[in-house]
Amino acid sequence: MKNYTITVNGNVYDVTVEEGTGSTGAVKAPAAKAVLKAAPKAAAAAPAGAQGAVKVTAPMQGKILKVNAAAGAAVKKGDVLAVLEAMKMENEICAPQDGTVATVECSVGDSVETGKVLVSMN
């Protein structure tokens with residue numbers, strides 16, 4: 001059984017996936033079963049200097065090559081916030097929506113794991 005946090009259209013879900021069990025000689029193994037439950041909502045008001053409501057995370061592990069975001073900067077959807085090198089490829093980490101950068105949680109040269117918050121926005 002594996003647990004994942006997935007965001008769909010701005011709604012955050014905690015997902016538990018159970019693998020089906022197949023038997024030898026079976027023509028078709030049962031499909032995996034997913035159980036969705038809504039994750040708790042983020043606090044409405046965050047203290048100054050705290051993370052913003054929208055968290056931009058690393059989609060894979062890698063090394064930060066460039067950081068274009070700065071706290072307090074206004075960004076548009078699609079603006080490149082950081083560049084992450086993974087498997088010898090440069091991946092642009094873009095803003096998912098218009099907003100203001102609340103915090104920058106990475107710097108050039110950092111090694112990051114999948115899911116680490118790189119930038120938070122309001």
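In strand β11, V119 is the bridge partner of V56, and that pair is a handy way into this predicted model. Helices (H or I, at least four residues) and strands (E, at least two) are DSSP runs here, numbered from the N terminus, and two strands pair if DSSP finds at least two bridges between them. Residues are numbered from 1 along each chain as its sequence is written, and side-chain values use heavy atoms, with hydrogens and water left out. Since the model is predicted, local features need pLDDT of at least 70 and side-chain atom pairs count only at pLDDT 80 or more, while totals for chains, interfaces and linings use all residues.

**Around β11**

- Four bridges tie β4 to β11, and the two run antiparallel.
- β9 (residues 99–104) also pairs with β11 in the antiparallel sense, this time over three bridges; there, V101 has M121 as its bridge partner.
- Five of the five residues of β11 are buried, so the strand is largely enclosed by the rest of the structure. Buried means under 20% relative accessible area, exposed over 50%, and partly exposed in between (1.4 Å probe, protein chains only).
- Setting aside neighbours within four places in sequence, V119 touches V54, K55, V56, A69, L81, V101 and T103, where contact means heavy atoms within 4.5 Å.

**The nonpolar core**

- The largest nonpolar core has 17 residues, and L81, L118, V119 and M121 have the most contacts inside it.
- β4 (54–57), β7 and β11 (117–121) are the elements that give two or more residues to this core.
- By definition, a nonpolar core is a set of buried Ala, Val, Leu, Ile, Met, Phe, Trp, Tyr and Cys residues joined through side-chain atoms within 4.5 Å.
- As background, nonpolar side chains tend to be buried together in soluble globular proteins.

**T103 and its polar partners**

- T103 sits in strand β9 and is buried, with a relative accessible area of 11%.
- Its side chain makes a polar contact with the side chain of E105 at 2.9 Å, and another polar contact, of 2.5 Å, joins the side chains of T103 and S120.
- A polar contact is a pair of N or O atoms within 3.5 Å; within protein, one must be able to donate a hydrogen and the other to accept it, and residues adjacent in sequence count only if both atoms are side-chain atoms.

**The four-stranded sheet**

- An open sheet of four strands goes β8-β7-β5-β10, with antiparallel pairing.
- Its edge strands are β8 (89–94) and β10 (111–112), each pairing on one side only.
- β7 (residues 80–86) and β8 run antiparallel and are joined by six bridges; E85 has E90 in β8 as its bridge partner.

- Neither one is a glycine, yet phi is positive at about 55° for M87 and about 65° for K88. For context, most residues other than glycine have a negative phi.
- M87 counts as exposed at 73% relative accessibility, and K88 does too at 77%.

**Cysteines**

- C94 counts as partly exposed, at 31% relative accessibility, whereas C106 is buried with a relative accessible area of 7%.
- Searching the whole structure turns up zero disulfides, a disulfide being a pair of cysteine sulfur atoms within 2.5 Å.
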